[in-house]
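Visitor: I would like to learn how to read a model like this one. Please start with charged side chains.

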Amino acid sequence: MNLVFATSAFAPLALGFFGLGTGYLIYGPEELFHWPKRNESVDKSTGVWGIWLPGFCQFVTGIILFVGMTWFQVFKDAPLYMAALAFSAYGIHWFALGFNRWQGVDPRTNAGMSVAYTIISVLGIVVFFSVGDWPVGLLFVGLTLIYISDFFHSIGQAWGERSLGLWHLVTGLWLMYLTFATGLNFSLGMKLPL
């Protein structure tokens, strides 16, 4: 017996955008303005937020997209494959970032991670600008700038942390726009750029 499911126009993109954007808006002020000042209590708090908002929301989004594309074929838009890859990979990476922050471990090991995530971010730029999806392409430009900054922060460059905070805040605000646009487009049939 072969089950066939209807194509869905409702990919869970807003959940992933919202989770990542919230994480960036939590981490950004700490990195850019040193507010709140880091201590064990703040690290535990931001660690928990990192695991649950950007980590869990993106991971769930990525898994739903992958399962929907591969097992049930309810999502047919090919660029969603890149979205599934990015949401899954970034979600898993936020589990590690959040846990490491919560535990207060040495962030220098993020240097290698930031190289890999710069590469996947550039891949996202190529995919989404190639298909004419400039709003999501801009998101990946922000992600690329975040991971380049994170590399320099990880190797001890003082300006790297502030640069990381700036790009976290700018990209976090863009993610809030993408969340808003996705919610209105899917719920009310609006046509905001997305």
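Guide: Glu30, Arg38, Asp43 and Arg101 form a network of salt bridges. This is a predicted model, where local features need pLDDT of at least 70 and side-chain atom pairs count only at pLDDT 80 or more, while totals for chains, interfaces and linings use all residues. Residues are numbered from 1 along each chain as its sequence is written, and side-chain values use heavy atoms, with hydrogens and water left out.

Visitor: What counts as a salt bridge?

Guide: In general, side chains of opposite charge can pair when their charged atoms come close. The cut-off here is a side-chain nitrogen of Lys or Arg within 4 Å of a carboxyl oxygen of Asp or Glu. The count by this rule is four salt bridges. Glu30 pairs with Arg101, N to O, at 2.4 Å. That pair links distant parts of the chain, with Glu30 in helix H1 and Arg101 in helix H3, 71 residues apart. Helices are DSSP runs (H or I, at least four residues), numbered from the N terminus. Glu30 also meets Arg38, at 4.0 Å from N to O.

Visitor: Is Glu30 buried or exposed?

Guide: Take the scale before the case. Buried means under 20% relative accessible area, exposed over 50%, and partly exposed in between (1.4 Å probe, protein chains only). Glu30 is buried, at 1%. Arg101 is buried too, at 13%, whereas Arg38 is partly exposed at 40%. Now look at another bridge. Arg108 and Asp106 meet at 2.4 Å, N to O. Arg108 is exposed at 57%, and Asp106 is partly exposed at 37%.

Visitor: How do H1 and H3 cross?

Guide: Start with the axes, which are lines fitted to C-alpha atoms over the stretch in contact; angles run from 0 to 180 degrees between N-to-C directions. H1 (residues 13–33) and H3 (residues 79–103) have axes that come within 11 Å and cross at roughly 40 degrees. The crossing is left-handed, meaning that the near helix is turned anticlockwise from the far one by less than a right angle.

Visitor: Which residues of H1 and H3 meet?

Guide: Contact means heavy atoms within 4.5 Å. On the H1 side, the residues include Phe17, Leu20, Tyr24 and Glu30. Across from them, H3 brings Leu80, Phe87, Trp94, Leu97, Gly98 and Arg101. By class, this contact has nine nonpolar, two polar and three charged residues.

Visitor: Which residues touch the most other members of the largest nonpolar core?

Guide: A nonpolar core is a set of buried Ala, Val, Leu, Ile, Met, Phe, Trp, Tyr and Cys residues joined through side-chain atoms within 4.5 Å. In the largest core, with 33 residues, they are Leu65 and Leu143. H3 supplies the largest share, 10 residues. Leaving aside neighbours within four places in sequence, Leu65 has contacts that include Leu13, Phe75, Leu80 and Phe87.

Visitor: Where should I check the backbone?

Guide: Most residues other than glycine have a negative phi, and most peptide bonds are trans. Trp35 and Pro36 are joined by a cis peptide bond, with omega about -5 degrees. Pro36 sits in the loop between H1 and H2. His34 lies in the loop between H1 and H2, and has a positive phi near 55 degrees. Gln73, in the loop between H2 and H3, has a positive phi of about 50 degrees.

Terms used. Helix = DSSP H or I, 4+ residues; strand = E, 2+ residues; numbered from the N terminus. Nonpolar A, V, L, I, M, F, W, Y, C, P; charged D, E, K, R; others polar.
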